[in-house]
Amino acid sequence: MKLLKKTAIILLVAFVTIQFFRPSQNTSHGNHTKLFISETNPPQDVKVLLEQTCYDCHSNNTNYPWYNNVAPVSFWMANHVKDGKKHLNFSEWESYSTKKKDHKLEEVIETLEEGGMPLKEYTWTHERAKLTEEEKKLIVAWAKRSRALYQLKNLQQ
């Protein structure tokens, strides 16, 4: 019983101590997706869907829930956002070549059609991020139209 009590105390001290260490937050000011929006021109309903389901992990501005203030959840979320931005960052759209933009949109289409996004663990706590089949089709149709424009630009280069 003494071992269990000591273990519990050590775990409690570790839990309290880790609360003083925070990963940096993914926040930016201003319209961080302005170029992406102006270039790809999504319809208003698609724009809203992207904001609700994609931007938290795929832009330079994450809206953090209250539970992000509790470690180790804050570290877990920071890793998810870092990984998401590594694959696609709408805020850094201007840094992508035309060919890369086309490829990123192709990946958006594939990921949505395969059901890989949004992540299930994200939709558990973000109810509005659950996409219906109709919403997925709207995003895919917009992404295909945008891809066609980038493909035309690639041909002209």
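Colleague: Why is Ser146 called buried?

Modeller: Buried means under 20% relative accessible area, while exposed means over 50% and partly exposed lies in between (1.4 Å probe, protein chains only). Ser146 comes out at 3% relative accessibility, so it counts as buried. Please keep in mind that this is a predicted model: local features need pLDDT of at least 70, side-chain atom pairs count only at pLDDT 80 or more, and totals for chains, interfaces and linings use all residues. Residues are numbered from 1 along each chain as its sequence is written, and side-chain values use heavy atoms, with hydrogens and water left out.

Colleague: Where does Ser146 lie, and what does Ser146 touch?

Modeller: Ser146 lies in helix H8. Helices (H or I, at least four residues) and strands (E, at least two) are DSSP runs, numbered from the N terminus. Contact means heavy atoms within 4.5 Å. Leaving aside residues up to four places away in sequence, Ser146 touches Thr40 and Leu105.

Colleague: Leu105 is one of the buried residues of H6. How do you know that the buried residues of H6 are on the same side?

Modeller: The buried residues of H6 are Thr98, Lys101, Asp102, Lys104, Leu105, Val108, Ile109 and Leu112. They cover an arc of only 160° around the axis, and therefore sit on the same side of H6; the arc is that of the directions from the helix axis to the C-beta atoms. These buried residues pack against H2, H5 and helix H8 (133-156). The face turned away from the buried side of H6 carries the exposed residues Lys99 and Glu114.

Colleague: What makes the length of H6 agree with its number of residues?

Modeller: The expected span of a helix is 1.5 Å times one less than its number of residues. For the 17 residues of H6 that should be 24 Å, and the end C-alpha atoms are 24 Å apart, so the two agree. After H6 comes Gly115, with a positive phi near 80°.

Colleague: What makes Asn41 worth a look in the backbone?

Modeller: Most residues other than glycine have a negative phi, and most peptide bonds are trans. The phi of Asn41 is positive, near 45°. Asn41 is in the loop between helix H2 (34-40) and helix H3 (44-53), and its 59% relative accessibility makes it exposed.

Colleague: Which peptide bonds are cis?

Modeller: One joins Ala71 and Pro72, with omega about 10°; Pro72 lies in the loop between helix H4 (55-58) and helix H5 (73-87). Another runs from Met117 to Pro118, with omega near -10°, and Pro118 is in the loop between helix H6 (98-114) and helix H7 (120-125).

Colleague: Which residues are closest to the centre of the largest pocket?

Modeller: The largest pocket has about 490 Å³ of space. Of its 22 lining residues, those closest to the centre are His58, His87, Leu88, Thr111 and Met117. On a 1 Å grid over the protein atoms alone, a pocket is an open set of points where a 1.4 Å probe fits, with protein on both sides within 12 Å along at least five of seven lines; lining residues have an atom within 4 Å of a point. H6 supplies the largest share of the lining, five residues.

Terms used. Points joined across faces, edges and corners; volume = space filled by probe spheres on them.
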